[in-house]
Amino acid sequence: MTALTEDPNLWNDSERAQKLLREKNQLESALNGTKQLERDLKDNLELLELAEMEGDQDMIAEAEKAVFALKDRAATMELESLLSGEADANDAFLEVNAGAGGTEAQDWALILLRMYTRWAEQHDYKVELLDETNGEEAGIKSATIQIKGHNAYGWLKSESGVHRLVRISPFDSQARRHTSFSSVSVTPVIDDKINVEINEKDVKVDTFRASGAGGQHVNKTDSAVRFTHIPTGIVVSCQQERSQHKNRAKAWDMLRARIYEMELRKREEAANALEATKTDIGWGHQIRSYVLQPYQMVKDLRTNVETSDSAGVLNGDLDRFLQAALAQRLTGHGDPQG
């Protein structure tokens, strides 16, 4: 890899050069992370040995806590090293759709979108809003974001499914408890290593005026684009750019990603793997339940991982769920520690 990046002719193809440098940086980061883990473990074991010799109970407790934290870090790194699927290392498109239930469900969809955005930002991923349809009173009917960073799809692919919320509705004047559903769909951003062919004749193209909050920046031309893939019924849209040309290019990327993910799902189903299904948004199809009333509990219904820290989860603390889901896919059970 180093020899390739030092080739004086490398930058004759700038796109290839950037990809090679990105791969080199990712490999170096993984190696440096492993070496740092080894150094930290050595330092803390020496500290623990010294503390035991001196009978310093506070120092012993501190060193033991650090060693257990390193164990968790090693488990996460081990899982990440196993993200070897064809598209696991790629960026991800994440789409949220509100289920039936009007304003309550649309508000829940917005909460989910914010949760994933915060998770991404906490992991130094970049987030780009591609498409959003606002609710009538609050929240969103649907939205699509692109999460950019190494292994974004690998970590998030298990989040596809229906998410259920139970809470006292802020929109109910009688303060009754409501149950709401929203669906999440995660697809990989396709690069040139993955070939997805789409016949343009199979795609219906609609253009429309991008929505906005008003004022001088509202786009007054039909720059937003919606693609409908007739054979599969897949629909994607993009209105992020003021240029219709750029929105078309992004919509093609999204459509290729959706078709590729559909093929991946077919392969998984054929092999009796865990289904990352996109089903009816309602009872019986949820992958995770978020209960805020009458008690606090977030529980994944596939891995049985649960926590009472619902506020933390909704602020992006998703790692325990993502790690368990990944462990289940790779090892057959939901324990990230193996």
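Me: What pLDDT does the protein average, and what share of the residues score at least 70?
Reply: The protein averages a pLDDT of 83, and 80% of the residues score at least 70; pLDDT is the predictor's confidence in each residue, from 0 to 100. This is a predicted model, where local features need pLDDT of at least 70, side-chain atom pairs count only at pLDDT 80 or more, and totals for chains, interfaces and linings use all residues. Residues are numbered from 1 along each chain as its sequence is written, and side-chain values use heavy atoms, with hydrogens and water left out.

Me: Why is Ile111 called buried?
Reply: Buried means under 20% relative accessible area, exposed over 50%, and partly exposed in between (1.4 Å probe, protein chains only). Ile111 has a relative accessible area of 12%, so Ile111 is buried.

Me: Where is Ile111 found, and what is Ile111 in contact with?
Reply: Helix α4, residues 103-122, holds Ile111; helices (H or I, at least four residues) and strands (E, at least two) are DSSP runs, numbered from the N terminus. Leaving aside neighbours within four places in sequence, Ile111 is in contact with Arg167 and Leu314, where contact means heavy atoms within 4.5 Å.

Me: What makes Glu128 buried?
Reply: With a relative accessible area of 15%, Glu128 falls under the 20% cut-off, so Glu128 is buried. Glu128 has its place in strand β2, residues 126-134.

Me: Why should some predicted coordinates not be read in detail?
Reply: Because pLDDT is low there. Over residues 213-220, pLDDT stays under 50, and the model has six contacts beyond four places in sequence for them.
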